Amino acid sequence: MTGPECTRCRELAPELALGLLDGQERAEALAHLEGCPACRAEVAGLAGLHDRLRALVPPVEPPAGFEERVLRRIGPVRPRRRVPGWGRAAAAAALVGAAFAGGWLAGTTTTGPSAPAVAAPLLAGDRHVGDVLVSRSRPDVLSVYLEVPAPGRLTCDLLRQDGTVAASTVYDASGGTEWWGVERPADAVASVRIADAAGGVVASGKVPRP
Amino acid sequence: MAWRARPVDGFPDDLLLAGLASGDAELSVAFVRRFQSRVFGVAMAVVGDPRQAEDVAQQAFERAWRHAAVFDPRRGSVTTWLTAITHHLAVDAVRARRAAPVNPLDLEEVLGAAPGGPEGATLAAESAAELRAAIRALPAEQGRALVLAAFRGLTAREVAESEGIPVGTAKTRIRSAMLRLAAVLESKRGRS
């Protein structure tokens, strides 16, 4: 479709893409875009260019104390609640649980598929002791939260579906709630098993699929 | 492949954003630290005044915190999303207040910047260098109009006033500059 409306829309497209239009002109352009894929594509292309232009703006260090003032402003930010047993893993679970609940963190238009990460629990028997998280933006990295009861060497096996070991690594844990990352090998890894120095399994769980 | 301690600082952007939204203090601090200079830089580029830029930057973080739920990683990076929020807030902030003429030629402030942050010598840095080169190759009047509109947040009408040209000419310059840059980027993409 090309007509006077398209001509008018394309005249407005650069300012619309740059976020500079408001009021009547913005409403007019948006109404036209609803029904015109060609103009929509042009605006999308220009908006993508604006994204790249903004990335050229040199970073500038804000004034001293900025970070504290921001954190004060968004009042609900608070020291992490120390859930008895393991704080960080619980926080992660809560966070990802919200994603699974649909409407990632507080009821909005987005639903599960666009949540930034998926998680699966790490269990010791039936006790929830940690999580394996996979970020959709970095599916090549497994992030592991684990409550480690005592310092010591841990061995982590990444297991295939048939239970054979795809990769095995060791990690010297200092104890407490820990958070690590591990690159996922090319093989399909189905689960994770973490054992202590004596060979006892301290946690195991499935690897979630983003 | 090796296990390694993974400090919060190394965590993916979207997980830090989720941490901010969930009220996790440690992740929130990491989020603000990671993005504050970019956010403040974009705010400064538009409003030009540190005090007002701080207000805009604070609002941007507050909005990110409130609206983390609508961030969709399939549509772009956290940086892109957050700097878009910042840019819009900054444009709104100056809309009513900007009285003084804007310095039209800050091109080198933008183009002279070396790529910073974790990008290093990555594809992103390479493509930023190409974009800078394409902006430098624009006719001077188009480059100025682009900087005023895209970086300083001036409408075509304001560009016209600042440059002493008709509004129609300002619109044409902005549009021509953007289409030319888009075409350059498209042709690079086609070749690679």
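Student: In this predicted model, which residues of helix 4 of chain A meet helix 3 of chain B, and what makes them contacts?

Tutor: A:Phe66, A:Arg69, A:Val70 and A:Arg73 in helix 4 of chain A meet B:Glu54, B:Gln58, B:Phe61 and B:Glu62 in helix 3 of chain B. They count as contacts because the criterion is C-beta atoms, placed from the backbone, within 7 Å. By class, this contact has 3 nonpolar, 1 polar and 4 charged residues.

Student: Why is helix 4 of chain A called oblique to helix 3 of chain B?

Tutor: The axes of helix 4 (residues 66-73) of chain A and helix 3 (residues 50-66) of chain B cross at roughly 45° and come within 9 Å. Angles under 35 degrees would count as roughly parallel and 65 to 115 as roughly perpendicular, with the rest oblique, so helix 4 of chain A is oblique to helix 3 of chain B. The crossing is right-handed.

Student: Why is helix 7 of chain B called oblique to helix 8 of chain B?

Tutor: Helix 7 (residues 140-151) and helix 8 (residues 156-163) of chain B pack at about 130°, their axes 10 Å apart. Roughly perpendicular ends at 115 and roughly antiparallel needs over 145, so helix 7 of chain B is oblique to helix 8 of chain B. This crossing is right-handed. B:Arg144, B:Ala145, B:Leu148 and B:Ala149 in helix 7 of chain B meet B:Val159, B:Ser162 and B:Glu163 in helix 8 of chain B. Those residues divide into 4 nonpolar, 1 polar and 2 charged.

Student: What makes helix 1 and helix 2 of chain A oblique to each other?

Tutor: Helix 1 (residues 4-17) and helix 2 (residues 23-35) of chain A pack at about 120°, with axes 10 Å apart. The roughly perpendicular class stops at 115, and the pair is therefore oblique. Helix 1 of chain A passes helix 2 of chain A in a left-handed crossing. The residues in contact include A:Cys9 and A:Leu12 of helix 1 and A:Ala29 and A:His32 of helix 2.

Student: Which annotation does UniProt list for residues 6-40 of chain A?

Tutor: The unreviewed UniProt entry lists "domain: Putative zinc-finger" there. In the model, residues 6-40 of chain A are 83% helix and 0% strand, and their end C-alpha atoms lie 10 Å apart.

Student: How do you know that strand 4 of chain A pairs with strand 5 of chain A?

Tutor: Pairing requires at least two bridges, and 8 bridges join strand 4 (residues 152-159) to strand 5 (residues 165-173) of chain A, running antiparallel. A:Leu158 stands opposite A:Ala167 in strand 5. The two strands form a hairpin with 5 residues between them, and A:Gly163 in the turn has a positive phi of about 90°.

Methods: Residues numbered from 1 in each chain as written. Chains lettered and ligands numbered in written order. Predicted model: local features only at pLDDT ≥ 70, side-chain atom pairs only at ≥ 80, totals over all residues. UniProt positions renumbered as here; feature names shortened; annotations may be inferred. Helix = DSSP H or I, 4+ residues; strand = E, 2+ residues; numbered from the N terminus. Axes fitted to C-alpha atoms, helices over the stretch in contact; angles between N-to-C directions. Left-handed = near helix turned anticlockwise from the far one by under 90°. Contact = placed C-beta atoms within 7 Å. Nonpolar A, V, L, I, M, F, W, Y, C, P; charged D, E, K, R; others polar.
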